[in-house]
Amino acid sequence: MQFKKLFQVLVLGGAMAGAVAATACSQANAQDKAKKPPADAGTKDSSAGGGVKGW
Amino acid sequence: MTSARRAAGEAWAFRARVEQEAALRFDRLATVVAGFDPGSPVPAMMRRAADDERRHTELCARLAHGLGNPVALDPGAELASIAPHSLDARQAALYEVVAACCITETESMATLTTLLAGEQEPEVREVLHSISKDEVVHSRMGWAHLSRESVAAEVAFLGPLIPGMLAGTIDEGLFGPPPPDEDPEALLRLGVLPLAKKREVFLGTLEQVVFPGLERFGVDPESGRRWLAHAAGLS
């Protein structure tokens, strides 16, 4: 298994795919960046979240 | 029927259900993501992915049927969000995309790559090839969304939530002993990884692909690493 190649193809390839219009996005959402998540995000609720079964 | 054909039939039936759920999830997430990031290419990728997954469902179900394990799928199935209820809609979407794409689809791609390095029965290999071409994109769209959100919003909240995603991903028996009648060679020919190989691929993919990817985009994977060490009996 060539994990290094998978990292390049999936992670870096994905980031490139997401970069389309990313500049406009970052400008439009600049204010969102300043918003802090709730301190108890994911911990206060009784549901801690789940995962997705795969192959 | 041999133990390998029985186990493979169960695996392909399980995959059919997994693919059906993925189609429902991607359809829902496409709408949510488009609502707060209209310039993103991800919603269109998700809609195409949903169509892919419906086709994969049929392929997996056909193989399961051929292996003596017909799968009954609920055409009216619905799928609830797996995100913690305390997250807002945008955070919940990111949680689900990371769990479904960055983790599960990336793991699936590693499994497919490993299988395709071996030899399978012709019909099985044809299905693996067909699905693997799509799964590359399904994994990428998760990393695409995470990379965009890491620029536009806060993503560090995901770090402590990674163990929950991982716990929901694995099978109970992943870190246990293989079935006594496991036939690794026959399983590989039928498109299924023997347990030891499955574990090796799962661990390697997390350690060398998923965790470094999360770190790259501002999500601390340390809690995930600790969970993994404990689950795998390494700590």
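Which residues does B:Leu158 touch, not counting residues up to four places away in sequence? The answer is B:Leu94, B:Tyr95, B:Val98 and B:Val219, where touching, or being in contact, means that the C-beta atoms of two residues, placed from the backbone, lie within 7 Å.

Before going on, a word on how to read what follows. This is a predicted model, in which local features need pLDDT of at least 70 and side-chain atom pairs count only at pLDDT 80 or more, while totals for chains, interfaces and linings use all residues. Residues are numbered from 1 along each chain as its sequence is written, and chains are lettered from A and ligands numbered from 1 in the order in which they are written.

Let us start with confidence. The predictor gives the complex an ipTM of 0.93 and a pTM of 0.90. Chain B has an average pLDDT of 95, and 100% of its residues score at least 70; pLDDT is the predictor's confidence in each residue, from 0 to 100. Chain A averages 69, with 47% of the residues scoring at least 70.

Chain A contains 3 helices and 0 strands, giving the pattern α-α-α along the sequence. Helices (H or I, at least four residues) and strands (E, at least two) are DSSP runs, numbered from the N terminus. Of the 55 residues in chain A, 27% are buried. A residue is buried if 20 or more other C-beta atoms lie within 10 Å of its own, exposed if 12 or fewer, and partly exposed in between, with C-beta atoms placed from the backbone.

Now back to B:Leu158 and its surroundings. In the largest nonpolar core, which has 77 residues, B:Leu158 is one of those that touch the most other members, together with B:Ala8, B:Trp12, B:Ala64 and B:Val98. Such a core is a set of buried Ala, Val, Leu, Ile, Met, Phe, Trp, Tyr and Cys residues joined through C-beta atoms within 7 Å. Both chains take part: α1 (3-18) of chain A supplies at least two residues, as does each of α1 (3-36), α2 (42-66), α3, α4, α5 (162-169), α6 (184-189) and α7 (195-216) of chain B. The most comes from α3(B), with 14 residues.

That helix also packs against a neighbour. The axes of α3 (residues 89-116) and α4 (residues 122-152) of chain B come within 8 Å and cross at roughly 145 degrees. Here axes are lines fitted to C-alpha atoms, for helices over the stretch in contact, and angles run from 0 to 180 degrees between N-to-C directions. The contact of α3(B) with α4(B) has 16 nonpolar, 8 polar and 3 charged residues. In this scheme Ala, Val, Leu, Ile, Met, Phe, Trp, Tyr, Cys and Pro count as nonpolar, Asp, Glu, Lys and Arg as charged, and the others, Gly among them, as polar.

Where do the two chains meet? Helix α4 of chain B holds B:Arg140, which is in contact with A:Leu10, A:Gly13, A:Gly14 and A:Ala17, leaving aside neighbours within four places in sequence. B:Arg140 counts as buried because it has 28 C-beta neighbours inside 10 Å. In helix α7 of chain B you will find B:Thr205, which is buried because 25 other C-beta atoms lie within 10 Å. Beyond its neighbours within four places in sequence, B:Thr205 is in contact with A:Phe3 as well as B:Thr106, B:Glu107, B:Ala110 and B:Val210.

Is B:Leu228 buried or exposed? B:Leu228 is buried, because 22 other C-beta atoms lie within 10 Å. B:Trp227, with 19 C-beta neighbours inside 10 Å, therefore counts as partly exposed. Not counting residues up to four places away in sequence, B:Leu228 touches B:Leu166 and B:Leu206, while B:Trp227 is in contact with B:Pro163 and B:Leu166, leaving aside neighbours within four places. B:Leu228 and B:Leu166 are 62 residues apart along the chain, yet their C-alpha atoms are separated by 8.1 Å.
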